[in-house]
Amino acid sequence: MTGRLPAVCAVFGTPGSGRSSVAANLAVLAAKRRQRVLLIDLDLENPSQRLDFGLPAATAGVSAALRLLGQGRLEPERFSKIAPPITGTRERLRILTGVMHPDELVRVNAQAIHGLLEFAAN
């Protein structure tokens, strides 16, 4: 992609409604259709994409990406570590795991997410 934002799909629902499963399945389907996908787990109460895709507990995730982006220090190499590619997707699917600490919530806003999507699109 060259400077344009990708399509965005947000999945909402009540607790226990299966929104994490729906988001994961949509992400995998898009990756299988040769789309580059960034799945951002913004479930503030029970982020589970890390568990669903078998990522280690120490994965920094969306809070680290937003912090580095805000500091102007988010680089492709760092991003690759923060948003690891999922095995079997030819690196088309990457996941940013959920917010880890309540103090990090201040960084989660529309402008920050837009900046993160812009970074990932390039």
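**Reading strands, contacts and rings**

Tutor: In strand 2 (residues 93–96), Leu93 and Ile95 point one way while Arg94 and Leu96 point the other way, and all are buried. Please keep in mind that this is a predicted model.

Student: In which sense do strand 1 and strand 2 pair, and over how many bridges?

Tutor: Strand 1 (residues 37–40) pairs with strand 2 in the parallel sense, over four bridges.

Student: Which residues is Arg67 in contact with, leaving aside its neighbours within four places in sequence?

Tutor: Arg67 is in contact with Glu104 and Arg107. Arg107 is 40 residues apart from Arg67 along the chain, and their C-alpha atoms are separated by 7.1 Å.

Student: How many aromatic pairs does the count come to?

Tutor: The count comes to one aromatic pair. The ring centres of Phe79 and Phe119 are 5.3 Å apart and their planes lie at 65°, so this pair is edge-to-face. Because Phe79 lies in helix 4 (residues 76–82) and Phe119 in helix 5 (residues 110–121), the pair ties together parts that are 40 residues apart in sequence.

Student: Is Phe79 buried or exposed?

Tutor: Phe79 has a relative accessible area of 8%, so Phe79 is buried.

How values were computed. Residues are numbered from 1 along each chain as its sequence is written. This is a predicted model: local features need pLDDT of at least 70, side-chain atom pairs count only at pLDDT 80 or more; totals for chains, interfaces and linings use all residues. Side-chain values use heavy atoms; hydrogens and water are left out. Buried means under 20% relative accessible area, exposed over 50%, partly exposed in between (1.4 Å probe, protein chains only). Helices (H or I, at least four residues) and strands (E, at least two) are DSSP runs, numbered from the N terminus. Two strands pair if DSSP finds at least two bridges between them. Contact means heavy atoms within 4.5 Å. Rings of Phe, Tyr and Trp (its six-membered ring) pair if their centres lie within 6.5 Å; planes under 30 degrees apart count as stacked, over 60 as edge-to-face and the rest as tilted.
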